[in-house]
Amino acid sequence: MLGPEIYHRDALSLGAAASLSASCYIEAHDTAALEAVAESSSRIDSGGVIASVALDVKWLRNDAVDELIEVLRGISRPVALTLGGQFNPTDAHTTSIPNLRRIYRECGHVGLWRVDVLVGFDAMVHGALFAGIGNSGTLRHLVPPDEKPRFGGGGGRPAVYIPKLMQYFSLDTLTDRWTQVGGLICDCPVCEGRAPTWMAELSEGMRAAAADHNLWCWLRLWEELDEGSSAERASRLADRIVAAVEAHTEESERVGALGAFKPSPTLATMAKLAALTPEAARTPAP
Ligand SMILES: [Zn+2]
């Protein structure tokens, strides 16, 4: 036996819960490549294999998503979508989040792989099969293979997740913004009541501390969200998102600089979607 089949069987026989199939990077509207990836995953005999589909985020525009859904629905095994683009891929198009929710709803067997906390949680309360949250920038999205990774001015330092703002910030950015007034404190076991900027002083272990802090923060947040029906979970997340957008304004006022903290396009889009949802539907009767 040669090729990927033996790889999957080895992984599963050694105790892996699942194995991911291979995918090339699929540019928007390259239906031939999308169908080839779908077909190659269906030729694998082993159970426990998840079909990996690595897509450029332009597939989530309105002119491409119907085509994508049609192919994904034809895949007979669970599908892990990985989104490609610079920075946070879903920030590139306002259609990304509504069309992702449509994919979860209409396909039923699709999850997200290598995403950030916000998009991962949104997936989990809107019908995705699973979400794999990356604990470093390079594990939260794909960079198109013909492009160099572009960075958001982090100076090579890790990004830390701030739960109140539901967003990642580089340690350099936070240190700059919080110099005069002190930062938002974090009571996770890594920070122990300090603002996460304490990590910027570390000569070694900074990345590990940031990764541990990020993990603690999103696990705690998920514990709060992961109760009740899916409608209740979606309602709770929508409320958190609206509060997070307001918290950006409050935090900017606190540090005395208008716009110092700005919601990402994805967070802003989710807040607009939350506002569109009737209050009665977002808050189930007791
Ligand atoms: Zn912390």
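Guide: Two residues are in contact if their C-beta atoms, placed from the backbone, lie within 7 Å. This is a predicted model: local features need pLDDT of at least 70, side-chain atom pairs count only at 80 or more, and totals for chains, interfaces and linings use all residues. Residues are numbered from 1 along each chain as its sequence is written.

Visitor: What makes low pLDDT a reason for care?
Guide: Where pLDDT is low, the predicted coordinates should not be read in detail. The protein as a whole averages 90, and 93% of the residues score at least 70.

Visitor: How do you know where the domains are?
Guide: The bounds come from an automatic or database domain assignment, which gives domain 1 (4–139) and domain 2 (159–282). Their C-alpha centres lie 26 Å apart.

Visitor: How many residues of each domain are in contact with the other?
Guide: 18 residues of domain 1 are in contact with 21 residues of domain 2. On the domain 1 side, 8 are nonpolar, 7 polar and 3 charged; Ala, Val, Leu, Ile, Met, Phe, Trp, Tyr, Cys and Pro count as nonpolar, Asp, Glu, Lys and Arg as charged, and the others, Gly among them, as polar.

Visitor: Which residues are in contact with V160, leaving aside its neighbours within four places in sequence?
Guide: They are Y168, F169, L171, L174, P196, A210, H213 and N214.

Key. pLDDT is the predictor's confidence in each residue, from 0 to 100.
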